[in-house]
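Please keep the sequence and the 3D view open while reading.

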Amino acid sequence: MGKFVTFEGGEGSGKTTQIGLAVEWLKGRGIPVLATAEPGGTPLGRKIREILLNRGPSAISAETELLLFAAARAQHVRETILPALEKGQWVLCDRFADATVAYQGFGRGIDMAFIRALNAFSSLSVKPDLTLLIDLDVKTGLDRAGRRTAGVRPEEAEDRFERENLAFHDRIREGYQVLAAEEPQRFRIIDGAATIEAIHRQICGCLQEFLQASGG
């Protein structure tokens, strides 16, 4: 069975860049690895991603948003994540169930017990072996995210969440910190204010420690 490593963090934290670097680091050590993301990771998931992340003519209620994320995750786990793990691959995933607790629980205020039950159902009870939380000041992260989408046509920009107010993003950051405190054995907090290279070194250190603890 492979290992399941998730990357979490708020908007503009640099998860996507760091996953790409981590993939190359693992491949350099002969470890088979698959990079994926939520929402997404399957043809159906990518369609749901367009609905959830792109601006649209109609508002999406908090409840609908939660259920769409759960639907995308159920397909993702069944079609992509579990088969890769069963083949012995490491799976590096850009967000997973913790993001739902942070965004829809702490951010939107939906009942936590219901979210956790829905997460367990939609993920087939699959849990990450290691979670790397890239922690970053909210304003800095939103500034970075804004630069990323600058020049992108409004209808194509994946910025629906970025357009929420600062209080929403502050609650998400606080939520992630609460989750990390609840499961310190799984979470590693990465300083997202550092340079790309310094963040990568932090992540490599965590992966090396995890490898050694796993007997790799």
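## About the model

The model is predicted: local features need pLDDT of at least 70, side-chain atom pairs count only at pLDDT 80 or more, and totals for chains, interfaces and linings use all residues. Residues are numbered from 1 along each chain as its sequence is written, and side-chain values use heavy atoms, with hydrogens and water left out.

Helices (H or I, at least four residues) and strands (E, at least two) are DSSP runs, numbered from the N terminus.

## The sheet

An open sheet is formed by 5 strands in the order β2-β3-β1-β4-β5, with parallel pairing. Two strands pair if DSSP finds at least two bridges between them. At the edges are β2 (33–37) and β5 (187–191), each of which pairs on one side only. From one strand to the next, the twist averages 20°.

Helix α1 packs on this sheet and touches β1, β2, β3 and β4. Contact means heavy atoms within 4.5 Å. The direction of α1 makes about 170° with that of β3. Axes are lines fitted to C-alpha atoms, for helices over the stretch in contact, and angles run from 0 to 180 degrees between N-to-C directions.

## Strand β1

Buried means under 20% relative accessible area, exposed over 50%, and partly exposed in between (1.4 Å probe, protein chains only). In a regular strand, side chains alternate between the two faces of the sheet. Here Phe4, Thr6 and Glu8 point one way, while Val5 and Phe7 point the other way.

Strand β1 is joined by 4 bridges to strand β3 (residues 90–94), and the two run parallel. Within this pair, Thr6 stands opposite Cys93. Another 4 bridges join β1 to strand β4 (residues 130–135), also in parallel. Phe7 has Leu132 of β4 as its bridge partner.

## Two helix pairs

Two packed helices are described by the angle between their axes and the distance between the axes. For helix α1 (residues 15–27) and helix α8 (residues 196–213), the axes come within 10 Å and cross at roughly 50°. That angle makes α1 oblique to α8; angles under 35 degrees count as roughly parallel, over 145 as roughly antiparallel, 65 to 115 as roughly perpendicular and the rest as oblique. Among the residues that meet are Leu21 and Trp25 in α1, and Ile203 and Leu207 in α8. By class, this contact has 9 nonpolar, 4 polar and no charged residues. Ala, Val, Leu, Ile, Met, Phe, Trp, Tyr, Cys and Pro count as nonpolar, Asp, Glu, Lys and Arg as charged, and the others, Gly among them, as polar.

The axes of helix α3 (residues 62–86) and α5 come within 8 Å and cross at roughly 25°. This makes α3 roughly parallel to α5. The contact includes Leu66, Ala70 and Arg73 of α3, and Phe114 and Leu118 of α5. Its classes are 8 nonpolar, 2 polar and 1 charged.

## Two single residues

Gly20 lies in helix α1 and counts as partly exposed, at 34% relative accessibility. Its C-alpha atom is separated by 7.7 Å from that of Ala35, 15 residues apart along the chain.

Ser123 is in the loop between α5 (112–122) and β4. Ser123 is buried, with a relative accessible area of 3%. Not counting residues up to four places away in sequence, Ser123 touches Arg73, Val77 and Phe96.
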